[in-house]
Amino acid sequence: SSGINAEYGQDDSSYANAVAKLGDGFMKLASIKDSLDCDIKQNFIDPMEATLRTDYKDNIMNHRKKMESRRLDYDYKISQHEKGKVTDDDLYTAEDKFNESMQAA
């Protein structure tokens with residue numbers, strides 16, 4: 001306000017007072033915006049990121065476990081197929097499930 005008043009040389013001019021009030025209003029809006037930004041980050045974005053990190057990690061671990069289980073099943077069926085104890089269809093099914101798990105993981 002004093003810088004505006006000094007520039008225009010009038011302490012009580014309507015224009016100077018209006019510009020000073022406008023500046024104060026913008027400062028209040030900026031303060032409110034900063035407060036809302038912090039609130040949104042703290043109460044929405046940070047918890048959502050933490051949830052995504054945890055869920056993402058759990059999801060990957062589940063896919064890896066499933067893939068390992070299916071790999072073991074596939075290996076077992078290969079050895080049993082060589083002995084004639086498992087049909088071709090069972091072997092192909094195990095292979096398909098293993099490949100599906102590999103793609104998911």
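Reader: How many salt bridges does the count come to here?

Author: The count comes to six salt bridges, taking a salt bridge to be a side-chain nitrogen of Lys or Arg within 4 Å of a carboxyl oxygen of Asp or Glu. This is a predicted model, in which local features need pLDDT of at least 70 and side-chain atom pairs count only at pLDDT 80 or more, while totals for chains, interfaces and linings use all residues. Residues are numbered from 1 along each chain as its sequence is written, and side-chain values use heavy atoms, with hydrogens and water left out.

Reader: Which residues are linked in a network of salt bridges?

Author: Glu-68, Arg-71 and Asp-75 are linked in such a network. Glu-68 pairs with Arg-71, their closest N and O atoms being 2.6 Å apart, and Arg-71 also pairs with Asp-75, where the closest N and O atoms are 2.7 Å apart.

Reader: And how far apart are they in helix H2, say Glu-68 and Arg-71?

Author: Glu-68 and Arg-71 are three residues apart in helix H2, so about one helical turn separates them. Arg-71 and Asp-75 both lie in H2 as well, four residues apart, again about one turn of the helix.

Reader: Is Arg-71 buried or exposed, or something in between?

Author: Arg-71 is partly exposed, with a relative accessible area of 29%, where buried means under 20%, exposed means over 50%, and partly exposed is in between (1.4 Å probe, protein chains only). Glu-68, at 34% relative accessibility, also counts as partly exposed, and so does Asp-75, at 35%.

Reader: What does Lys-33 meet in a salt bridge?

Author: The side chain of Lys-33 meets that of Asp-37, at 2.7 Å from N to O. Because Lys-33 and Asp-37 are four residues apart in helix H2, they too are separated by about one helical turn. Asp-37 has a relative accessible area of 38%, which means that this residue is partly exposed.

Reader: Stepping back, how many helices and strands are in the chain?

Author: The chain has three helices and zero strands, and reads α-α-α along the sequence; these are DSSP runs numbered from the N terminus, helices being H or I with at least four residues and strands E with at least two. Helix H2 covers residues 14-82, and helix H3 covers residues 88-104.

Reader: What should the 69 residues of H2 span?

Author: At 1.5 Å a residue, the 69 residues of H2 should span 102 Å, and the end C-alpha atoms are 97 Å apart, which agrees; the expected span is 1.5 Å times one less than the number of residues.

Reader: Where is the kink in H2 centred?

Author: The kink, of about 40 degrees, is centred on Lys-41, the bend at a residue being the angle between axes fitted to the seven residues ending there and the seven starting there. Lys-41 is also in contact with Pro-47 (heavy atoms within 4.5 Å), and Gln-42 is another contact of Pro-47, once neighbours within four places in sequence are left aside. Pro-47 itself has its place in H2, and counts as partly exposed at 38% relative accessibility.

Reader: Which residues of H2 are buried?

Author: Those are Ala-16, Ala-20, Tyr-74 and Gln-80. Across the chain, 10% of the 105 residues count as buried.

Reader: What follows just after H2?

Author: Gly-84 comes there, and takes a positive phi of about 85 degrees.

Reader: Last topic, which residues make the nonpolar surface patch?

Author: Ile-32, Leu-36, Ile-40, Phe-44, Ile-45, Met-48 and Leu-52 make a nonpolar patch of about 650 Å². Patch residues have over 30% relative accessible area and no salt bridge, with nonpolar side chains (Val, Leu, Ile, Met, Phe, Trp, Tyr) joined within 5 Å and like charges within 9 Å. Leu-36, found in H2, counts as partly exposed at 47% relative accessibility.

Terms used:
Areas by Shrake-Rupley, 256 points an atom, 1.4 Å probe, with all protein chains shown as cover.
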